[in-house]
Amino acid sequence: MPTQSDQPTKPIRLGVLISGSGRTLMNLHALISAGELPVRVAVVIASRHCKGEELAREAGLAVEVVPYRKAADVHQYSQRITALLDGASVDLVVMAGFLSLWHIPPPYEGRVINIHPALLPSFGGRGMYGHVVHEAVLAAGCKVSGCTVHFVTNEYDRGPIIVQRTAPVLEGDTPDSLAARVFQEELLAMPEAIRLFAQGRLRIEGQVVHVR
Ligand code: GRF
């Protein structure tokens, strides 16, 4: 996997992929608007009509909806996504609650990140998203959970880890209460990872991300 080049001062262009409520996207938008995150959202791609799409439009962001069912197969679907990202000259792709499959083409390797609501490599993989993750954490009796921002490879939830933040599991937690506590950490972890990428401080070596 290639490593990113040093571009500490250039404001990088994000492509944000969403499928749902858009909380992660809107958190980024708020930070960018407040001047706290030196990047810009070049394009938002939604895999379906969703709350996140509405919020992005209201915020004045460029939004494209690319429903999976309209594509012949995953390859055609992936080509459409890639074409939109190329068209917006995207430097970094952020998967922010994106539930469709995009086969990452070689030019984007090392330039796609995802946030997962657990401490990978535990509680990840196909089908592990949303409440299923928090239910599994509670069923396993974990005393701590958290979130992981990682580079995306074409293997589910297995890419090199950039940032992890923890949240305690408390007695009496439900999947909802745990998800809410973990999400508070997600609001910090994703911007932190983007900032590190934008500052050119990440170097991928095999499965390990070194932070300078
Ligand atoms: C979070 O659980 C995140 O970990 C996962 O998607 C959820 C956020 O979705 N990847 P959204 O930003 O509210 O759409």
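A: The ligand site

Surrounding the ligand are Gly20, Ser21, Gly22, Arg23, Thr24, Gly97, Ile115, His116, Pro117 and Glu186, each with a heavy atom within 4 Å of it. This is a predicted model, where local features need pLDDT of at least 70, side-chain atom pairs count only at pLDDT 80 or more, and totals for chains, interfaces and linings use all residues. Residues are numbered from 1 along each chain as its sequence is written, and side-chain values use heavy atoms, with hydrogens and water left out.

Now the polar contacts (pairs of N or O atoms within 3.5 Å). Gly22 places a backbone N or O atom 2.8 Å from a ligand oxygen atom. Thr24 uses a polar side-chain atom, 2.7 Å from an oxygen atom of the ligand. Ile115 has a backbone N or O atom 2.8 Å from a ligand nitrogen atom. On its own, the ligand has 370 Å² of accessible area, and the protein covers 85% of that (Shrake-Rupley method, 1.4 Å probe).

Arg23 lies over the face of Phe183, 3.7 Å from the ring centre. The cut-offs for a charge over a ring are NZ of Lys or CZ of Arg within 6 Å of the ring centre and within 35 degrees of the ring normal.

Terms used:
Polar contact = N/O pair within 3.5 Å; in protein donor to acceptor, adjacent residues only side chain to side chain.
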